[in-house]
Amino acid sequence: MRATSCFGFCQPLTIEAGIAMTALRRALAALLVLLGSSCVPAQTLALTFDDGLDPSKEPAAASWNRQILETLRDAGITSMVFPTLVRTGRAQGLDLIRDWAHAGHAVGNHTSRHRSLGSPQVPLADFIGDVKEADTVLSRMPGWTKMLRFPYLKEGNTLAKRDGMRLWMQAAGYRAAPVSIDASDWYYNQVYAAWLDEGNADKADRVKAAYIEHLLDRAAYYDGLARQVLGRSPAHVMLLHTSRINAAALEESIAAFRVRRWSFTAARTAFDDPIYTVQIDTLPAGESVVWASAKAARIPGLRYPAEDSVYEEPKLRALGLVPARMPQ
């Protein structure tokens with residue numbers, strides 16, 4: 001008996017040859033699936049850190065700063081730090097920022113007083129004054145990069161403030177330093193520190209584990225939103241803070257992202273993605289640039305503010321991880 005196939009020149013094939021050909025086709029199909037899945041680009045992530053640390057208020061500030069920098073070095077990650085003068089305490093705190101610069105990380109501007117341009121109580125002129133005051137100090141740093149990270153990611157609650165700030169930045173030679181992935185690491189840091197201050201290392205470790213899952217969850221959310229709005233996964237920039245929890249959790253966080261096929265890139269490289277230069281028409285302006293793009297595209301179901309303790313507190317409370325006394 002013979003089998004007929006149109007593979008090749010449509011010559012008659014023996015049953016044995018037909019079986020072999022079918023097996024070959026299946027193997028080729030499996031190979032194509034494998035190659036296709038391996039060619040799907042992994043998500044790319046840059047880490048940026050806000051605020052700085054003040055040794056006059058946190059005796060362990062230098063240790064936490066060193067831990068973060070050593071973890072970044074060991075992981076081969078070049079980051080960017082955005083200090084605000086009120087959080088560094090100037091003198092010794094600025095020395096810690098210099099450590100970032102000497103380690104090869106870029107230094108940007110996070111204003112002098114960390115006031116929100118989204119607040120009705122903060123006029124545009126006062127906010128610009130905060131940027132200028134920080135510029136005078138930070139521009140002397142090695143690694144200085146003329147980029148502004150808006151406090152609280154708020155870029156103006158009125159059209160006049162939003163557009164007025166954009167015009168001032170253009171004239172002053174500043175670029176905005178938005179993020180694509182926002183998170184509530186500041187809240188997890190408060191809870192983590194509260195448990196450690198109570199001497200409960202077990203609860204603190206559980207908060208740290210929940211925090212790492214929080215970062216992975218927020219990254220997946222914003223990457224999915226970006227694919228929905230932009231049709232692609234951009235070079236993501238994540239907002240973190242120079243904090244106690246990040247000193248403790250950064251190494252495990254990086255490892256967890258790599259397990260999920262995220263690759264890391266330098267912050268300056270990530271900021272070359274066009275998404276970070278688009279001026280999005282939203283009011284109040286700000287939040288994650290991905291979130292703002294989704295809002296401008298009228299994607300339903302967006303929460304505001306995009307990230308806050310009100311979303312995270314119930315999760316930790318359900319796990320028994322909210323202490324009776326939280327720092328103010």
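A crossing of two helices is left-handed if the near helix is turned anticlockwise from the far one by less than a right angle. Keep that in mind for α7 and α8, whose crossing is left-handed. What you're looking at is a predicted model, and its secondary structure comes to 12 helices and 11 strands. Of the 328 residues in the protein, 48% are buried. Take the contacts with a separation of 6 or more: 79% of them link residues 24 or more positions apart.

**The α7 and α8 pair**

- Helix α7 covers residues 185–197 and helix α8 covers residues 201–230; their axes come within 8 Å and cross at roughly 170 degrees.
- Angles over 145 degrees count as roughly antiparallel, and α7 and α8 are therefore roughly antiparallel to each other.
- On the α7 side, the residues that meet α8 are Asp185, Tyr188, Val191, Tyr192, Trp195 and Leu196.
- Their partners in α8 are Ala201, Lys203, Ala204, Val207, Lys208, Ala210, Tyr211 and His214.
- Sort the residues of this α7 and α8 contact by class and you get 10 nonpolar, 1 polar and 3 charged.
- A handy rule when you read lists like these: an α-helix has 3.6 residues a turn, so residues three or four places apart point the same way.

**The α5 and α6 pair**

- Now look at helix α5 (residues 124–138) and helix α6 (residues 159–172), whose axes come within 10 Å and cross at roughly 35 degrees.
- The crossing of α5 and α6 is right-handed.
- From α5, the contact uses Leu124, Phe127, Ile128, Val131 and Lys132, while α6 brings Ala160, Lys161, Gly164, Met165 and Trp168.
- By class, the contact of α5 with α6 has 7 nonpolar, 1 polar and 2 charged residues.

**Arg162, a buried residue in α6**

- Arg162 also sits in helix α6.
- Is Arg162 buried or exposed? The cut-off for buried is under 20% relative accessible area, so Arg162, at 6%, counts as buried.
- Skipping its neighbours within four places in sequence, Arg162 is in contact with Glu155, Gly156, Ile280, Asp281, Thr282, Leu283 and Ala285.

**Thr48, in strand β3**

- Find Thr48 in strand β3, which spans residues 44–51.
- Thr48 is buried, and its relative accessible area is 0%.
- Which side chain makes a polar contact with the side chain of Thr48? That would be Arg149, at 3.2 Å.
- Leave out the neighbours within four places in sequence, and Thr48 still has a list of contacts that includes Ser79, Met80, Phe82, Val179 and Val237.
- Also among the contacts of Thr48 are Met238, Leu239, Leu240, Ala267 and Phe271.

- Why is helix α11 (residues 289–296) described as largely enclosed by the rest of the structure? It's because 6 of its 8 residues are buried.
- Those buried residues of α11 are Val289, Val290, Trp291, Ala292, Ser293 and Ala294.
- After α11 comes Arg298, whose phi is positive, near 60 degrees.

How values were computed. Residues are numbered from 1 along each chain as its sequence is written. This is a predicted model: local features need pLDDT of at least 70, side-chain atom pairs count only at pLDDT 80 or more; totals for chains, interfaces and linings use all residues. Side-chain values use heavy atoms; hydrogens and water are left out. Helices (H or I, at least four residues) and strands (E, at least two) are DSSP runs, numbered from the N terminus. Buried means under 20% relative accessible area, exposed over 50%, partly exposed in between (1.4 Å probe, protein chains only). A polar contact is a pair of N or O atoms within 3.5 Å; within protein, one must be able to donate a hydrogen and the other to accept it, and residues adjacent in sequence count only if both atoms are side-chain atoms. Contact means heavy atoms within 4.5 Å. Axes are lines fitted to C-alpha atoms, for helices over the stretch in contact, and angles run from 0 to 180 degrees between N-to-C directions. Angles under 35 degrees count as roughly parallel, over 145 as roughly antiparallel, 65 to 115 as roughly perpendicular and the rest as oblique. Ala, Val, Leu, Ile, Met, Phe, Trp, Tyr, Cys and Pro count as nonpolar, Asp, Glu, Lys and Arg as charged, and the others, Gly among them, as polar.
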